Amino acid sequence: MSRRVVSFHYTLRDPEGRVLDSSAGGEPVTYLEGAGQIIDGLDEQLRAVEAGVKTRVQVPAARAYGERDPAQIQRVKRGLLPIEGEIQLGEQFQTGPDRHSPVVTVVGVEGDEVLLDGNHPLAGVALTFDVEIVAAREAKAEELSHGHAHGGGGGEGSCGHGCGCH
Ligand code: ZN
């Protein structure tokens, strides 16, 4: 089966209808089908959608950022946290210096202990995407071998293949 490179605009909402994210006013998102560049549930449901079509895609939590895992909530001593002053419920910070370090959310403060939730902030949340596919074409062999789309809003940088596609 051939795979496509798809460019789309989207507005992402939670079940209460709040806008969580949107590509409106910016570049469309471009991805290679089945390459894990966008969340699985969206990738799957856009397979049959042609360029020029607007559609609404609903993705259950399990096919988006996963269900919430209660085991991801940890109790730690407040003094171990990189926070000065008051700790606010809902405050988020990274657990390491790397920008890919997991993000944790403060979900409770009990005395000198803090409850930290290591679940993704969107874990357990069903997502609704209003999508407009602006372009779709067959993937090139080079893109298939790299496992991502080239050109069309990928931004500057390098994917490690020297193609400057990210
Ligand atoms: Zn590449």
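# A pocket and its neighbours

Me: How much space lies in the largest pocket?
Reply: The largest pocket holds about 250 Å³. A volume is the space filled by probe spheres set on grid points, and these points are joined across faces, edges and corners.

Me: What makes a set of points a pocket?
Reply: A 1 Å grid is laid over the protein atoms alone. A pocket is an open set of points with protein on both sides within 12 Å along at least five of seven lines. A cavity is a set where a 1.4 Å probe fits but cannot get out.

Me: Where do the model and its numbers come from?
Reply: The model is predicted: local features need pLDDT of at least 70, side-chain atom pairs count only at pLDDT 80 or more, and totals for chains, interfaces and linings use all residues. Residues are numbered from 1 along each chain as its sequence is written, and side-chain values use heavy atoms, with hydrogens and water left out.

Me: What makes a residue part of the lining, and which of them are closest to the centre of the largest pocket?
Reply: A lining residue has an atom within 4 Å of a point. The largest pocket has 14 of them, and Y10, L12, D21, Y65 and F129 are the closest to its centre.

Me: How many residues of each class are in the lining of the largest pocket?
Reply: The lining has 12 nonpolar residues, one polar and one charged. Nonpolar covers Ala, Val, Leu, Ile, Met, Phe, Trp, Tyr, Cys and Pro; charged covers Asp, Glu, Lys and Arg; the others, Gly among them, are polar.

Me: Which strands supply at least two residues each to that lining?
Reply: They are β1 (4-13), β2 (19-22) and β9. Strand β1 gives the most, with three residues.

Me: What makes a run of residues a strand or a helix, and how many does the protein chain have?
Reply: Both are DSSP runs, numbered from the N terminus: helices are H or I with at least four residues, strands are E with at least two. The protein chain has two helices and nine strands. Along the sequence they follow the pattern β-β-β-α-β-β-β-β-β-β-α.

Me: Why is the pair of F8 and Y10 called tilted?
Reply: Rings of Phe, Tyr and Trp (its six-membered ring) pair if their centres lie within 6.5 Å; planes under 30 degrees apart count as stacked, over 60 as edge-to-face and the rest as tilted. A search of the whole structure finds three aromatic pairs. The centres of F8 and Y10 are 5.8 Å apart and their planes stand at 50 degrees, so this pair is tilted. F8, Y10, Y31 and F129 form one aromatic cluster.

Me: Why does T128 count as buried?
Reply: Buried means under 20% relative accessible area, exposed over 50%, and partly exposed in between (1.4 Å probe, protein chains only). T128, in strand β9 (residues 127-138), has 13%, so T128 is buried. F8 and Y10 are buried too. Of the 166 residues of the protein chain, 34% count as buried.

Me: How do you know that T128 and Q58 make a polar contact?
Reply: A polar contact is a pair of N or O atoms within 3.5 Å; within protein, one must be able to donate a hydrogen and the other to accept it, and residues adjacent in sequence count only if both atoms are side-chain atoms. The side chains of T128 and Q58 are joined at 3.5 Å.

Me: What is the value for S7 and T30?
Reply: The side chains of S7 and T30 are joined by a polar contact of 2.7 Å. S7 lies in strand β1. With 12% relative accessibility, S7 counts as buried.

Me: Why is E143 called buried?
Reply: E143 has 1% relative accessibility, so E143 counts as buried. E143 lies in helix α2 (residues 141-146). Beyond four places in sequence, the residues that E143 touches include V5, L32 and R137.

Me: What makes V76 buried?
Reply: The relative accessible area of V76 is 18%, so V76 is buried. V76 is in strand β5 (residues 73-77).

Technical notes: Contact = heavy atoms within 4.5 Å.
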